[in-house]
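Please have the model open as you read. We will take a walk through it together, a few stops at a time.

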Amino acid sequence: MKTILISGGGGYLGTQLSQFLLKKHKVIIFDKFYFPWILKNKKKIKNHNNLSFIKKNISRAKLNDFKDVDIVCDLNGISNDPSSELNPKHTWKLNFNDRVNFAKLSKKAKIKRYIFNSTCSVYGFSNKKVFESGAKRPISTYAKANLKAESFIYKMRDKNFKVNSLRNSTLFGFSNSMRLDLVINIFVLNILKKKEITIDGDGNQYRPFISVNDVCKIYDLLIENDKLPSFISNIVSFNSKIKDIAFKICKILKSSKKNIIFKKSFSDKRNYNVGSKNFKKFFGRKLKFSKFEFEIKNLSKNLKKYKINFDKNTIRMKFYKDILN
Ligand SMILES: NC(=O)c1ccc[n+]([C@@H]2O[C@H](COP(=O)([O-])OP(=O)(O)OC[C@H]3O[C@@H](n4cnc5c(N)ncnc54)[C@H](O)[C@@H]3O)[C@@H](O)[C@H]2O)c1
């Protein structure tokens, strides 16, 4: 059993990851807890006796917070491109300075492995498939600050302090702290509520995706295998045209393709396709991705069950607009 501290562990990915890791480990969630959980009562979480919280701003972290911790997972920060532009100064401080300082403290505290959650947004947009060593053309403040933090933190690696940077694709799926500003999640709720999906442009633009549950499995592989070295990896399950995703969701949720509306006036030029050499090398054969149909049905069932809606708890822009302006 290891002790794992998850910074930003109260958010969309973090709440799922903490529940997943609690099966085998002690988990400490370090977070300001800006977003409410669906399971409000900690006691409803399996193995909750091994779960503890540090409710603090990341900028106020102290060496003592890392006492007895083996591994740190950093999922903190402003978590999407549009929110990062609300207050770029804040984004640079949080996503770069504060995250780098958190890594420095972790190293000082003799943490063995530091897993930095990065993003495929660091590549900007490209017509060719991009791999880890491909050109980085970050466009938003979010992508620029994350790329700079990643490169600072990765340089801190040595034999006692392993660093892994996971450049995640766009996530989807149900979580104890839902986000409804992610394309697949938006499509599913729109089918449930409005019975239609709206696509910006012709839908031919490609995007890389991975489910939250699959990302948890990847963290598990990294955490279980002490021998894995430091590396940077793109994290992708599949690439798809946006319109094909919409078609699949309609089919799974038994809605007609005629309910897909293409907003021709909006021309979305973003188009990118992500591959990975390191993913195959370090995780590839060991990982079974979850079935898309299962994830979509599970998401749809839970959105209905918990009556989750588009609001400031689920749309990061709406929340940060209030606190950053
Ligand atoms: N969700 C995606 O599709 C996606 C894709 C690629 C990368 N990422 C990255 O993965 C990580 C997790 O993403 P997510 O979707 O769970 O984001 P999220 O917004 O749901 O979670 C971020 C967490 O950080 C906390 N936080 C924010 N500012 C803080 C501060 N100053 N001090 C302490 N805690 C603070 C929030 O309370 C929240 O719980 C982020 O770093 C994000 O950039 C996410």
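A residue counts as buried if 20 or more other C-beta atoms lie within 10 Å of its own, as exposed if 12 or fewer do, and as partly exposed in between, with C-beta atoms placed from the backbone. By that rule Ala135 is exposed, because 9 other C-beta atoms lie within 10 Å. Ala135 sits in the loop between strand S6 (129–130) and helix H4 (141–155); here helices (H or I, at least four residues) and strands (E, at least two) are DSSP runs, numbered from the N terminus. Between the C-alpha atoms of Ala135 and Leu324, 189 residues apart along the chain, there are 32 Å.

A word on what you are looking at: this is a predicted model, in which local features need pLDDT of at least 70, side-chain atom pairs count only at pLDDT 80 or more, and totals for chains, interfaces and linings use all residues. Residues are numbered from 1 along each chain as its sequence is written.

Now compare Ser83, in helix H2 (residues 81–84). Ser83 is buried, because 24 other C-beta atoms lie within 10 Å. Leaving aside residues up to four places away in sequence, Ser83 touches Ile78, Arg316, Met317 and Tyr320; contact means that the C-beta atoms, placed from the backbone, lie within 7 Å.

Next, the ligand. Which residues come nearest to the ligand? Of the 26 residues around it, they are Gly8, Gly11, Tyr34, Ser79 and Asn168, where a residue is near a molecule if its C-beta atom, placed from the backbone, lies within 6 Å of it. Helix H1 (12–21), strand S5 (113–119) and strand S8 (170–172) are the elements that give two or more residues to this shell, and H1 gives the most, with 3 residues. The shell divides into 10 nonpolar, 12 polar and 4 charged residues; Ala, Val, Leu, Ile, Met, Phe, Trp, Tyr, Cys and Pro count as nonpolar, Asp, Glu, Lys and Arg as charged, and the others, Gly among them, as polar.

S8 also belongs to an open sheet of 3 strands, in the order S8-S10-S12, with mixed pairing; two strands pair if DSSP finds at least two bridges between them. S8 and strand S12 (238–241) stand at the edges with a single partner strand each, so one side of each is left without a neighbour in the sheet. Strand S10 (residues 206–211) and S12 pair in the antiparallel sense over 4 bridges, and Pro208 stands opposite Asn239 in S12.

Conventions
Two residues are in contact if their C-beta atoms, placed from the backbone, lie within 7 Å.
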